[in-house]
Amino acid sequence: MASSKNQYVPAVTTQSKKELIKFAKWMQKYHHKWPTVIGGWAVWSYYPQGFGSRDVDLVLPSDDWIETNMHKKYFKKNNFQTYPIMNQNWIESHYGKPINPKKDYLDIVYFDLLSCSHPRNDPEELGVYVDWNWANAFGKEIEFDGKVNIIVPEIELLITLKIIGALARTRLYYLARDR
């Protein structure tokens with residue numbers, strides 16, 4: 001199994017960071033607010049010596065907002081494509097932008113979109129639900145990489161979300177293995 005560090009090569013994380021900065025500028029220009037970011041880039045905002053992130057995890061206002069602004073506008077204008085992702089129990093569609101860091105293979109920066117319209121579902125059967133509105137209610141605006149601002153969860157909520165994510169991935173692995 002590859003180490004975590006090998007999953008976060010600078011050619012990919014640098015491009016992911018550029019895509020987040022570009023999106024944050026778009027969000028401010030057209031919607032007059034900064035995006036709410038969770039996941040690896042939120043962690044990096046607290047600890048910039050870390051790896052960064054391969055993807056951009058966003059909490060957005062609603063399903064309708066995502067459809068109208070992300071799918072029909074931002075992704076279309078910025079050459080994002082739909083990619084089927086096989087999670088252990090199902091196939092999901094994710095939007096991503098292809099990059100080619102070594103010119104001999106294709107890699108993708110994914111945008112993972114979470115809607116405040118409904119809580120986190122619980123396919124892992126952990127009994128844990130998260131209201132994505134918490135990321136805004138318990139978030140703070142910070143400067144990101146000296147170029148834009150983003151909203152990130154307060155550290156206590158971010159740590160909780162990361163623990164839930166780790167448990168969920170582990171549980172899905174065991175569920176898939178048992179089936």
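**Close-up views of a predicted model**

**View 1. A cluster of aromatic residues in the predicted model.** Phe-23, Trp-26, Tyr-30, Tyr-74, Phe-75, Phe-80, Tyr-95 and Phe-111 form a cluster that is linked by ring pairs, in a model that is predicted. Across the structure there are 16 aromatic pairs, one of which is the subject of the next view.

**View 2. The ring pair of Trp-41 and Trp-44 in helix 3.** A pair of aromatic rings is described by how far apart the centres lie and by the angle between the planes. For Trp-41 and Trp-44 the ring centres are 5.5 Å apart and the planes stand at 80°, so this pair is classed as edge-to-face, the class for angles over 60 degrees. About one helical turn separates Trp-41 from Trp-44, because the two are three residues apart in helix 3. Both Trp-41 and Trp-44 are buried.

**View 3. The largest nonpolar core and the elements that supply it.** This core has 28 residues, and those with the most contacts inside it are Phe-23, Leu-58, Met-70 and Phe-111. Two or more residues each are contributed by helix 2 (10-31), helix 3 (40-46), strand 2 (56-60), helix 4 (63-77), strand 6 (139-144) and strand 7 (148-153), and helix 2 provides the largest share, with six residues.

**View 4. The surroundings of Leu-58.** When neighbours within four places in sequence are left aside, Leu-58 is in contact with Leu-20, Phe-23, Pro-35, Thr-36, Val-37, Met-70, Phe-111, Asp-112, Leu-113 and Leu-114. Among these partners, Phe-23, Met-70 and Phe-111 are listed together with Leu-58 as the residues with the most contacts inside the largest nonpolar core.

**View 5. Helix 2 and the residues buried along it.** The 22 residues of helix 2 should span 32 Å at 1.5 Å a residue, and the end C-alpha atoms of the helix lie 30 Å apart, which agrees with that expectation. The buried residues of helix 2 are Val-12, Thr-13, Ser-16, Lys-17, Glu-19, Leu-20, Ile-21, Phe-23, Ala-24, Trp-26 and Met-27. Just after helix 2, His-32 takes a positive phi of about 55°.

**View 6. Glu-19, a buried residue of helix 2.** Glu-19 lies in helix 2 and counts as buried because its relative accessibility is 4%, where the limit is under 20%. Its side chain makes a polar contact with the side chain of Lys-97, at 3.2 Å. Apart from neighbours within four places in sequence, the residues in contact with Glu-19 are Tyr-74, Phe-80, Lys-97, Val-109 and Phe-111, and of these Tyr-74, Phe-80 and Phe-111 also belong to the aromatic cluster.

**View 7. The antiparallel hairpin of strand 6 and strand 7.** Strand 6 and strand 7 run antiparallel and are joined by six bridges, with Gly-139 standing opposite Pro-153 in strand 7. Three residues lie between the strands of this hairpin, in which Asp-145 takes a positive phi near 60°.

**View 8. The protein chain as a whole, as context for the close-ups.** The secondary structure comes to six helices and seven strands, and from the N terminus on these elements run α-α-β-α-β-α-β-β-β-α-β-β-α. Of the 179 residues of the chain, 40% count as buried. Among contacts between residues at least 6 apart in sequence, 59% join residues at least 24 apart.

Terms used
Residues numbered from 1 in each chain as written. Predicted model: local features only at pLDDT ≥ 70, side-chain atom pairs only at ≥ 80, totals over all residues. Heavy atoms only, no water. Core = buried A, V, L, I, M, F, W, Y, C linked by side-chain atoms within 4.5 Å. Buried < 20%, exposed > 50% of the residue type's maximum accessible area, 1.4 Å probe, protein only. Helix = DSSP H or I, 4+ residues; strand = E, 2+ residues; numbered from the N terminus. Contact = heavy atoms within 4.5 Å. Pairing = 2+ DSSP bridges. Polar contact = N/O pair within 3.5 Å; in protein donor to acceptor, adjacent residues only side chain to side chain. Expected span 1.5 Å × (residues − 1). Phe/Tyr/Trp six-rings, centres within 6.5 Å; stacked < 30°, edge-to-face > 60°.
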